[in-house]
Amino acid sequence: MYDVVVVGAGPAGASAAIFTAKAGKKTLVIDSDQSITKRAWIENHYGVMETTGPDLIELGKKQASKFGAEFVQDKVVSIEKQSDGFLVKTDSNEYPTRHVILATGLSVELAESIGLATRPGNEPRIKTVLQTDEQGRTSVDGIWAAGTCAGVSVHTIITAGDGAKVAINVISELNGERYVDHDVLK
Ligand SMILES: Cc1cc2nc3c(=O)[nH]c(=O)nc-3n(C[C@H](O)[C@H](O)[C@H](O)COP(=O)(O)OP(=O)(O)OC[C@H]3O[C@@H](n4cnc5c(N)ncnc54)[C@H](O)[C@@H]3O)c2cc1C
């Protein structure tokens, strides 16, 4: 049983996984390798002079792996409610989990197929996004959304930050108290 399954390993999903895995939550990231970030050249990400989208994505996955997050390359085709969480299904496997974070970028196909509420997007060229509250909760308790699919501005620092924000909210809910992750300079 995973604590968190993240769908999508772009900046939003991998950033969420860094936080949940580092917090000791059993984390799986399932990604279908269709990130729009793979086409980007980036010079506006705070703390990074310049980088390529593919390098940013690989580093994000490596960082989350360092804390124990598992990665699977596959496409999630459904998410079923269970008595104690959810069953996240691909064509070949199924993964039980307590929480799901959707970080599916431009695609809301999966979310729509499982009946999550959507709304029109506000950002340029983004037609539909998921309805979420301030914390990142979707219309189904236990399924959260972060990044482009949650309607935030389509920039790597913002989608990554949103993934971190939602992860902190999930961790706080699992822990029953507000979570903060600060390492102190040795
Ligand atoms: C050409 C281009 C240039 C850009 N340049 C910049 C720039 O200079 N600066 C900047 O800040 N931003 C730039 N961006 C925007 C940036 O890439 C996005 O803001 C941001 O990275 C999106 O992050 P995300 O995690 O929300 O989505 P994505 O990076 O798109 O990741 C979503 C992931 O979810 C996966 N997924 C979707 N559905 C499923 C499913 N059912 N099962 C499994 N996996 C699934 C996809 O395969 C994908 O890997 C650029 C974008 C493009 C296209």
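Arg 98 lies in strand S8, which covers residues 94-102. The coordinates belong to a predicted model. Arg 98 is partly exposed, because 19 other C-beta atoms lie within 10 Å, and a residue counts as buried when 20 or more do. Leaving aside neighbours within four places in sequence, Arg 98 is in contact with Met 1, Asp 3 and Gly 85.

Leaving aside neighbours within four places in sequence, Lys 26 is in contact with Tyr 2 and Asp 3. The place of Lys 26 is in the loop between H1 and S2. Lys 26 counts as partly exposed because it has 16 C-beta neighbours inside 10 Å.

**Separations along the chain and in space**

The table sets C-alpha to C-alpha distances beside separations in sequence.

| Pair | Apart in sequence | C-alpha to C-alpha |
|---|---|---|
| Ile 18 and Phe 67 | 49 residues | 6.9 Å |
| Val 152 and Ile 42 | 110 residues | 18 Å |
| Arg 98 and Ser 35 | 63 residues | 25 Å |
| Lys 26 and Pro 124 | 98 residues | 35 Å |

Ile 18 is found in helix H1. With 24 C-beta neighbours inside 10 Å, Ile 18 counts as buried. Phe 67 is also one of the residues that Ile 18 touches; the others are Gln 63 and Ala 64, not counting residues up to four places away in sequence.

Val 152 lies in the loop between strand S11 (143-145) and H4. Although placed in a loop, Val 152 is buried, because 23 other C-beta atoms lie within 10 Å. Apart from neighbours within four places in sequence, its contacts are Gly 147, Ile 158, Thr 159 and Asp 162.

**Helices H1 and H4**

Two packed helices are described by the angle between their axes and the distance between the axes. For H1 and H4, the axes come within 7 Å and cross at roughly 35 degrees. The crossing in which H1 passes H4 is right-handed. On the H1 side, the contact is made by Pro 11, Ala 12, Gly 13, Ser 15, Ala 16, Phe 19 and Thr 20. The H4 side supplies Thr 156, Thr 159, Ala 160, Asp 162, Gly 163, Ala 164, Val 166, Ala 167, Ile 168, Val 170 and Ile 171. By class, the residues of this contact divide into 11 nonpolar, 6 polar and 1 charged. Thr 159 and Asp 162, both part of the H4 side, are also among the contacts of Val 152.

Ala 16 takes part in the contact from H1. Not counting residues up to four places away in sequence, Ala 16 touches Gly 163, Ala 164, Val 166 and Ala 167, and also Val 6, Ile 101, Ala 103 and Ala 146.

**Surroundings of the ligand**

Which residues come nearest to the ligand? Of the 36 residues around the ligand, these are Gly 8, Gly 10, Ala 40, Gly 105 and Gly 147. Helix H1 (11-22), strand S2 (27-31), strand S3 (41-42) and helix H4 (156-175) are the elements that give two or more residues to the shell. The shell residues divide into 14 nonpolar, 18 polar and 4 charged. Gly 147 is also one of the contacts of Val 152.

**Loop residues with positive phi**

Two residues other than glycine have a positive phi, Asp 33 and Arg 125. Phi of Asp 33 is near 65 degrees, and phi of Arg 125 is likewise near 65 degrees. Asp 33 lies in the loop between S2 and S3, while Arg 125 is found in the loop between strand S9 (118-120) and strand S10 (128-130).

Are these residues buried or exposed? Asp 33 counts as exposed because it has 10 C-beta neighbours inside 10 Å. Arg 125, with 7 C-beta neighbours inside 10 Å, counts as exposed too. The limit for this class is 12 or fewer.

Notes
Residues numbered from 1 in each chain as written. Predicted model: local features only at pLDDT ≥ 70, side-chain atom pairs only at ≥ 80, totals over all residues. Near = placed C-beta within 6 Å. Helix = DSSP H or I, 4+ residues; strand = E, 2+ residues; numbered from the N terminus. Nonpolar A, V, L, I, M, F, W, Y, C, P; charged D, E, K, R; others polar. Axes fitted to C-alpha atoms, helices over the stretch in contact; angles between N-to-C directions. Left-handed = near helix turned anticlockwise from the far one by under 90°. Contact = placed C-beta atoms within 7 Å.
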